[in-house]
Amino acid sequence: MNIGVKLRRLNHENLVWVIYFFIIIAALLSNAYEKYFLETGDYRKQKIFRTLNITIFCVAFFIYLYFVIISYEDVEALKKNSTKKEVLTTHLTLIASLLFLVAGGIALYAEINRDNPDTDIGVV
């Protein structure tokens, strides 16, 4: 992989870290609304924290999708003279990215379809 591609990917990763910073803030805000809902039973607050959670999971899902695409491009870019270690680690990275994507999709589905606020889903 050439240096231009690596630098472009690093710039994208920097953006991902900034997005994660906002995810953290949104998760803390969601927890505050959930706490208020549990203490008061105000269902407007439940709607707010659920909307925040769904938004967080959607954003995370697309971040995971980005990493799957990047990992797949790395697998496609493997050369015939690549070492076994390079091939193995590149494929393992793709598998790990796919697993994160699947977990993110399941968490998003569960958050959208949950009826009970007692069932908490951790943000990955």
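Predicted model: local features only at pLDDT ≥ 70, side-chain atom pairs only at ≥ 80, totals over all residues.
Reader: OK, what share of the residues counts as buried?

Author: Of the 124 residues in the protein chain, 26% count as buried.

Reader: Let's go to the helices, then: how do the axes of H1 and H2 cross?

Author: The axis of helix H1, which covers residues 3-40, comes within 9 Å of the axis of H2, and the two cross at roughly 160°. Angles over 145 degrees count as roughly antiparallel, so H1 is roughly antiparallel to H2. The crossing of these two helices is left-handed.

Reader: Which classes of residue make up that contact of H1 with H2?

Author: Sorted by class, the contact of H1 with H2 has 21 nonpolar residues, along with four polar and six charged ones.

Reader: What about H2 and H3, are they roughly parallel or roughly antiparallel?

Author: The axes of H2 and H3 come within 8 Å and cross at roughly 160°, which makes H2 roughly antiparallel to H3. Their crossing is left-handed, and the contact of H2 with H3 has 17 nonpolar, nine polar and three charged residues.

Reader: Changing topic, how many aromatic pairs does the structure hold?

Author: The structure holds seven aromatic pairs. One of them is formed by Phe-37 and Tyr-43, whose ring centres are 5.2 Å apart and whose planes stand at 65°, so this pair is edge-to-face.

Reader: Why edge-to-face for Phe-37 and Tyr-43?

Author: Planes over 60 degrees apart count as edge-to-face, and the planes of Phe-37 and Tyr-43 are at 65°, so the pair falls in that class.

Reader: Is Phe-37 buried or exposed, and is Tyr-43 buried or exposed?

Author: Phe-37 has a relative accessibility of 7% and so counts as buried, while Tyr-43 is exposed, because its relative accessible area is 60%. Buried means under 20% and exposed means over 50%. Phe-37 and Tyr-43 also belong with Phe-49 to one aromatic cluster.

Reader: What is the pair of Tyr-64 and Phe-100 like, stacked or tilted?

Author: The rings of Tyr-64 and Phe-100 have centres 5.6 Å apart and planes at 45°, so this pair is tilted. It links distant parts of the chain, since Tyr-64 lies in helix H2 (residues 43-76) and Phe-100 in helix H3 (residues 84-113), 36 residues apart.

Reader: And how accessible are Tyr-64 and Phe-100?

Author: Tyr-64 counts as buried because its relative accessibility is 5%, whereas Phe-100, at 47% relative accessibility, counts as partly exposed.

Reader: One last thing about Tyr-64: how far apart are Tyr-64 and Leu-98, in sequence and in space?

Author: Tyr-64 and Leu-98 are 34 residues apart in sequence, and their C-alpha atoms are 7.9 Å apart in space.

Methods: Residues numbered from 1 in each chain as written. Heavy atoms only, no water. Phe/Tyr/Trp six-rings, centres within 6.5 Å; stacked < 30°, edge-to-face > 60°. Buried < 20%, exposed > 50% of the residue type's maximum accessible area, 1.4 Å probe, protein only. Helix = DSSP H or I, 4+ residues; strand = E, 2+ residues; numbered from the N terminus. Axes fitted to C-alpha atoms, helices over the stretch in contact; angles between N-to-C directions. Parallel < 35°, antiparallel > 145°, perpendicular 65-115°, else oblique. Left-handed = near helix turned anticlockwise from the far one by under 90°. Nonpolar A, V, L, I, M, F, W, Y, C, P; charged D, E, K, R; others polar.
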